[in-house]
Amino acid sequence: MVLSEPPPLRDLLRVPVGERIDLTAYDAAATPGGPAGKTAGRAATTALAPRLAGLQERLYASSTAGDRRRVLLVLQGMDTSGKGGTVKHVIGLFNPSGCRIHAFKAPTPEERKHPFLWRISRALPGPGAIGIFDRSHYEDVLIARVRELVPRRTLGSRYGRINRFEKSLAEDGVTVVKVFLHLSYEEQRARLLERLDNPEKHWKFNPGDIEERALWPAYREAYEIALERCATDEAPWYLVPADRKWYRNWAISKLLLEHLEALDPAYPPGDFDVEECRARLLAT
């Protein structure tokens, strides 16, 4: 009996293109395609590190020969969904010198003078690098919608501008991996309570998070619209259940591995005579 290979994780977690999205239909504690439990999940994530690091080195090496390809991981999710934890536990598997991490906050006065994608363009990774966005241009159709920061007509046009922007990135060699960290309402409460109960985590707590929880239905709707309108073939969305931190870390590591393996970067050949250089070196 021949066992069939499990489907790629990016097929399991990919948000369907052109379909209406109902986040209540997705279990935030599910572990699709994942290892059997926390212990196995942590071990599996650690086991991915050598392959991820090797592919990262090959990607950077290929850029020295003119390869413009690079990877951009976009992390979006409600507060406490694990954007920072992903940066710590997943990106820590790579060589930090080849990663470009940018956490987007509220726009500065200078950034407000420009179109909303201006600050995003300035933070993109260069050839051979892996970029990570902790929040992103999607804040301009998420919090902007919930808080009514811009007219609805302006908001509506932004989805198309985002799609055109991401398509241009793909055409320029950027592999865009957009991850929505799907957290449940109950799990967010537990994580916020954990921060309150531990004085060493008070610095991570913001009383405003309680007010934001009151807007949970509005944020869910805003995410559903963004996932529906901006899931494209060039830049698909991946929905990662985030109630289980170990699964979140494994799933994002696996997604990055699958995308890097698909790129299959190669070490460039040397532009010198190896034997001649060997002889010269041995003569010294």
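The model is predicted, so local features need pLDDT of at least 70 and side-chain atom pairs count only at pLDDT 80 or more, while totals for chains, interfaces and linings use all residues. Residues are numbered from 1 along each chain as its sequence is written, and side-chain values use heavy atoms, with hydrogens and water left out.

**R119**

R119 lies in helix α5 (residues 118-122); helices are DSSP runs of H or I with at least four residues, and strands are runs of E with at least two, numbered from the N terminus. R119 has a relative accessible area of 9% and is therefore buried (under 20%, with exposed over 50% and partly exposed in between; 1.4 Å probe, protein chains only). The table gives the distances from its side chain.

| Partner of the R119 side chain | Distance |
|---|---|
| Side chain of E111 (polar contact) | 3.3 Å |

A polar contact is a pair of N or O atoms within 3.5 Å; within protein, one must be able to donate a hydrogen and the other to accept it, and residues adjacent in sequence count only if both atoms are side-chain atoms.

**Nonpolar cores**

A nonpolar core is a set of buried Ala, Val, Leu, Ile, Met, Phe, Trp, Tyr and Cys residues joined through side-chain atoms within 4.5 Å. The largest such core has 37 residues, of which L23, F133, Y138, V141, Y159, F180 and W237 touch the most other members. Helix α10 gives the most to this core, with seven residues. Apart from it lies another core of 34 residues, including I91, V179, W246 and L263.
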